[in-house]
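I am opening a notebook on a structure that is new to me. I want to know how its parts are arranged and what sits around its ligands.

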Amino acid sequence: MSHSAEPLPMTARRSGPLAGEAKVPGDKSISHRALILGALAVGETHITGLLEGQDVLDTASAMRAFGAQVERLGEGEWRVRGVGVGGFAEPEGVIDCGNSGTGVRLIMGAMATTPITATFTGDASLSRRPMGRVTDPLELFGAQVTAREGKRLPLTIRGAADPVPVRYKTPVASAQIKSAVLLAGLNAPGETVVVESEPTRDHTERMLAGFGASIRSETTDEGHVITLQGRPELKPQPVAVPRDPSSAAFPVAAALIVPGSQIRVPGVSRNPTRDGLYVTLLEMGADISFQNQREEGGEPVADLVVRHGPLKGVTVPPERAASMIDEFPILSVIACFAEGTTVMQGVHELRVKESDRIEAMATGLVANGAAVETTPDTMTVHGKGGLTGGATCATHLDHRIAMSFLVAGLASEQPITVDDGGPIATSFPDFLPLMRGLGARID
Ligand SMILES: O=C(O)C1=C[C@@H](OP(=O)(O)O)[C@@H](O)[C@H](O)C1
Ligand SMILES: C=C(OP(=O)(O)O)C(=O)O
């Protein structure tokens, strides 16, 4: 939901060793998809471990507006009674996706091949983000899109009455574009094909297969090719959402930079398309072990044990960017506490997230004593084994910027303040109690 709540400043102070267990919330990407596929299935989908962050709650409301029955049974436990592929009803009101790029882009895809009309809106951050990357391919299916200048929200989609399948090469590596096209392809006859230059997170493909769709992925000379057979009957599946590796990154980073820390983060997804931060941290010399590796709900998971220790700067190659796209803000913090230079390459997509994350991190880190250089596509941090701190950082309605600076403050010489911690609730509503439970001094 878009709201103009009062800003909520928060301050993090140098803390003693962090210890204990960090049970981070359910994966945000999988949570959105469980609700949307549940709504498109025929029958009842039972979900456990759903992230109850505002982004996902907005997707739940949207699925109700399109005619699905969505009920909360208990903490993280939800039931969705779906309407079937092509069964969405026309919503009576505007669909407000709040702060969530994933929510709005996937839902636009899911309705674009059904003959109904819907208007989408979002908060100030989402209204600045590019939507043409999704509406362009949706028009190829036959949907009609009315948007203001620059293809931003609010926009209206009139779904195709007689959709045609599409073969689409994504112009940027984006799981949101890929997923929107695949979800639109569900109600088009024949094969819808998405080609991506680098593989992006594959939760949509895994879950569609789990719900009984015929879908295959292969690597060819052209790239990573996903082929979906349209008009399946989706069969409800129990979905057990693993814990979010992108949320886990914050307590993990805190334990790595606060001297003497040792924490355990159980049940975190280790999906290879989401694993780039952890690969990078191991290269930096981080002391992380992955215990009890197992499969849960179609995703590989492990318990992470993380200990503080010395870190060194590394170069993160551009082909790794997609597998850690949301983790660069917190990596830039960790890089300040390493010795030596960390270069993050191929990160231009960070400029069109909830904020321009390259700009937001560089400005805040420099204000707190770091040496950072940026180009349109790279961020370089000259690590000095610590940070002075003492400054207030602007979070620009961006949860990951807020959490990154708060983690930085736990190990800086002086406290670090963020001007607004409110957006943290979009993806990690229990961030404060969880971090305080480990010994973090944040108020
Ligand atoms: O598909 C998803 O669930 C997501 C894809 C990524 O966005 P892009 O596809 O725009 O890179 C990521 O940044 C976002 O947090 C979640
Ligand atoms: C980019 C993010 O989310 P979204 O695109 O769904 O707003 C994120 O959670 O870091």
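Before I look at distances, one term: the domain bounds I use come from an automatic or database domain assignment.

**Entry: confidence.** This is a predicted model. The mean pLDDT of the protein is 97. I also see that 99% of its residues reach 70 or more. For the complex, the predictor gives an ipTM of 0.99 and a pTM of 0.98. I keep one caution in mind: where pLDDT is low, the predicted coordinates should not be read in detail.

**Entry: domains.** I looked up the domain assignment. Domain 1 covers 10-26 + 243-442, and domain 2 covers 28-214. Taken over C-alpha atoms, their centres are separated by 28 Å. I then looked at the contact between them. Domain 1 puts 21 residues into this contact, and domain 2 puts in 26 residues. I sorted the domain 1 side by class. Eight of its residues are nonpolar, seven are polar and six are charged.

**Entry: ligand 2.** Which residues surround ligand 2? I find S100, G101, T102, D326, K353, E354, R400 and S427.

**Entry: the UniProt record.** I turned to the annotation. An unreviewed UniProt entry lists K28, G101, R129, Q176, R357 and R400 under "binding site".

**Entry: K28.** I find K28 in helix α1, which spans residues 28-40. Is K28 buried or exposed? I count 26 other C-beta atoms within 10 Å of K28, and 20 or more make a residue buried, so K28 is buried. I left aside its neighbours within four places in sequence. K28 is then in contact with L51, G53, D55, V56, D244, S246 and S427.

**Entry: R129.** R129 is in the loop between β7 (117-121) and α4 (132-140). It has 18 other C-beta atoms within 10 Å, so I note R129 as partly exposed. Leaving aside neighbours within four places in sequence, I find R129 in contact with G101 and V352.

Technical notes: Residues numbered from 1 in each chain as written. Chains lettered and ligands numbered in written order. Predicted model: local features only at pLDDT ≥ 70, side-chain atom pairs only at ≥ 80, totals over all residues. Near = placed C-beta within 6 Å. pLDDT = per-residue confidence, 0-100. Contact = placed C-beta atoms within 7 Å. Nonpolar A, V, L, I, M, F, W, Y, C, P; charged D, E, K, R; others polar. UniProt positions renumbered as here; feature names shortened; annotations may be inferred. Helix = DSSP H or I, 4+ residues; strand = E, 2+ residues; numbered from the N terminus. Buried ≥ 20, exposed ≤ 12 C-beta atoms within 10 Å, placed from the backbone.
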